[in-house]
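Thanks for coming. I will go through one model, element by element, and keep it brief.

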Amino acid sequence: MSKRPFICLFVLFLLLGLSLSFPPNGIGVEPGAGKKKITARPDRGKAKPERPASEKPAPADKTQGKGAASESSPGEVNAKAAILMEVSTGTVLYEQNADELIEPASFTKILSLYLIFEALQRGNIQIQDEVYISDLAWRTKGSKMFVSVNSRVPLEELLKGIAVVSGNDGCVAAAEHLSGSVEAFVDNMNRKAKQLGMDRSRFLNPHGLPAEGQITTARDMATLGAAYIRQFPQALGFHSMKEYTYNNITQYNRNHLLNKDPTVDGLKTGFVAAAGYHLAGTAQREGMRLLAVVMGAETPRIREREAMKLLNFGFRYYTMVHPFQEGQPVTTIQIWKGEKDEIGLYPAEKAAFIVPRTQKNKLRWEVHTTKDVVAPIKINEALGEVVFYVSDQPKRTVALVSQEDVNQAGWFKRTWQTLLQIHKLDWRWFAGITGGIGLVLIVAFLISNRRQTFRRSR
């Protein structure tokens with residue numbers, strides 16, 4: 001009998017032996033291989049005492065702050081609702097009844113100003129525009145900047161009148177100039193509120209005079225205020241003005257925190273009888289900006305005291321850590337079959353982090369990156385992440401993205417790098433498939449050989 005079947009059997013058993021001796025590994029050479037699998041790397045960091053303090057976009061930890069004062073709380077705020085937020089990250093440091101529905105009063109003007117500055121940014125209007133003052137604007141009640149009916153006022157003056165002296169007449173004039181009518185402007189206000197995540201707010205006019213159904217929360221106002229400051233920091237130049245004169249009438253900013261603390265540079269006050277006195281105060285110290293929102297205080301003095309208490313608490317007990325140098329990649333990864341062999345990964349958002357000062361040295365982070373990244377790579381493609389830990393508890397994750405496109409390399413480089421990755425082949429998988437094919441061939445050979453032997457014996 002032929003020896004070839006025995007040779008085939010020997011090869012089969014050899015392949016099966018190889019399948020048991022090699023560990024399973026992904027080959028990782030097809031386009032996009034491994035991009036969705038995030039694998040931990042040994043890149044770890046720890047906040048050191050000499051590191052500068054930190055930064056952010058996205059909400060992180062909340063510190064509930066109700067009750068008696070302690071190192072983790074400023075104590076109960078003497079108002080209907082309050083919240084303290086770090087502006088650049090949206091981190092809530094304290095809250096009290098932050099989701100209670102309450103009338104916004106002149107806080108409404110922050111949203112009106114947001115739309116005005118947004119239109120200026122887009123070039124839809126110009127700050128030198130001469131804005132017509134209609135009879136409707138002139139007759140608006142409440143706080144005024146005292147514009148004259150049928151006159152034209154530079155938009156810049158209206159911005160000052162709205163931000164500094166809370167001019168309701170200026171609000172209506174700006175709304176008509178921007179959207180053609182107050183109704184259209186209010187529609188845009190509510191649309192923008194939804195975009196910003198102010199899900200519990202509804203606005204019925206651009207100035208905040210009482211209107212049934214016009215409602216908000218302290219959390220929504222903090223969300224708006226933080227977004228407003230981040231998007232239009234130049235607006236604080238108007239909000240920090242302590243007085244404003246128009247038509248030979250001088251009025252003073254009702255945010256008296258501007259006179260009490262040099263680090264305070266905004267933001268807005270408000271009052272309606274049904275809700276009480278509101279104050280959104282913002283200050284920046286040591287590179288960290290906080291926003292304190294107090295709503296429904298009984299007097300102007302109480303709202304100022306409580307807002308200042310929140311700001312001082314935040315700056316005293318929290319700090320911001322900047323773990324990575326701005327503009328520099330957090331790490332680099334190898335690219336297969338690309339025009340470039342490696343690419344730097346950058347935080348998709350500001351990778352700053354707010355921590356209690358007592359836990360600053362307990363902050364660490366781990367860098368996780370994808371394995372076997374194969375070109376092409378698109379700009380802003382997520383290829384890893386940074387996980388921040390405080391006392392070994394994960395607190396925040398920031399995606400790592402590319403900041404450039406990487407096209408596929410030429411045919412020769414792609415072929416050569418495929419050969420270089422042959423060591424990643426899963427030999428158990430390969431040997432199993434090959435062994436199966438070999439077994440089928442041997443059975444077929446034996447059957448064929450048996451038939452030939454039977455024919456010869458006849």
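How exposed is valine 443? Its relative accessible area is 41%, so valine 443 counts as partly exposed. Please keep in mind throughout that this is a predicted model. Valine 443 belongs to helix H12, which covers residues 427–457. As a general point, an α-helix has 3.6 residues a turn, so residues three or four places apart point the same way.

Next, helix H2, residues 108–122. H2 is 15 residues in length and spans 22 Å from its first C-alpha to its last, which is close to the 21 Å expected at 1.5 Å a residue. Of those 15 residues, 13 are buried, so H2 is largely enclosed by the rest of the structure. Threonine 108 lies in this helix. Is threonine 108 buried or exposed? Its relative accessible area is 0%, which means it is buried. Leaving aside residues up to four places away in sequence, threonine 108 touches Met189, Phe203, Asn205, Pro206, His207, Gly208 and Gln214. After H2 comes glycine 123, with a positive phi near 85 degrees.

Helix H5 runs over residues 168–179. H5 has twelve residues and reaches 17 Å between its first and last C-alpha, close to the 16 Å expected at 1.5 Å a residue. Its buried residues include Asn168, Asp169, Gly170 and Cys171, and also Val172, Ala173, Ala174 and Ala175. What covers the buried residues of H5? The cover includes H2, strand S4 (130–132), helix H3 (135–139), helix H4 (155–165) and helix H6 (182–195). H5 is followed by glycine 180, where phi is positive, near 95 degrees.

On to the strands. Strand S3, residues 92–96, has five of its five residues buried, so S3 is largely enclosed by the rest of the structure. S3 is joined to strand S2, residues 81–86, by four bridges, and the two run antiparallel. Within that pairing, alanine 82 has glutamine 96 in S3 as its bridge partner. S2 and S3 form a hairpin with five residues between the strands, and in that hairpin glycine 90 has a positive phi near 75 degrees.

The other pair I want to show is S11 with S14. Strand S11 covers residues 318–321, and strand S14 covers 353–356. They pair in the antiparallel sense over four bridges, with threonine 319 opposite valine 355 in S14. Which way do the residues of S11 point? Tyr318 and Met320 point one way, Thr319 and Val321 the other way, and all are buried. In general, the side chains of a regular strand alternate between the two faces of the sheet.

Arginine 316 sits in helix H10, residues 300–317. The relative accessible area of arginine 316 is 52%, so it counts as exposed.

Where are the cis peptide bonds? One runs from glycine 266 to leucine 267, with omega near 25 degrees. Leucine 267 is within strand S8, residues 264–272. Another joins alanine 375 and proline 376, with omega about 10 degrees. Proline 376 is in the loop between strand S16 (373–374) and strand S17 (382–390).

Then positive phi in residues other than glycine. Asparagine 248 has phi near 65 degrees. Asparagine 248 lies in the loop between strand S6 (243–246) and strand S7 (249–252), and with 79% relative accessibility it is exposed. Serine 391 also has a positive phi, about 55 degrees, and is not a glycine. Serine 391 is in the loop between S17 and strand S18 (393–401). With a relative accessible area of 36%, serine 391 is partly exposed.

Definitions and conventions
Residues numbered from 1 in each chain as written. Predicted model: local features only at pLDDT ≥ 70, side-chain atom pairs only at ≥ 80, totals over all residues. Heavy atoms only, no water. Buried < 20%, exposed > 50% of the residue type's maximum accessible area, 1.4 Å probe, protein only. Pairing = 2+ DSSP bridges. Contact = heavy atoms within 4.5 Å. Expected span 1.5 Å × (residues − 1).
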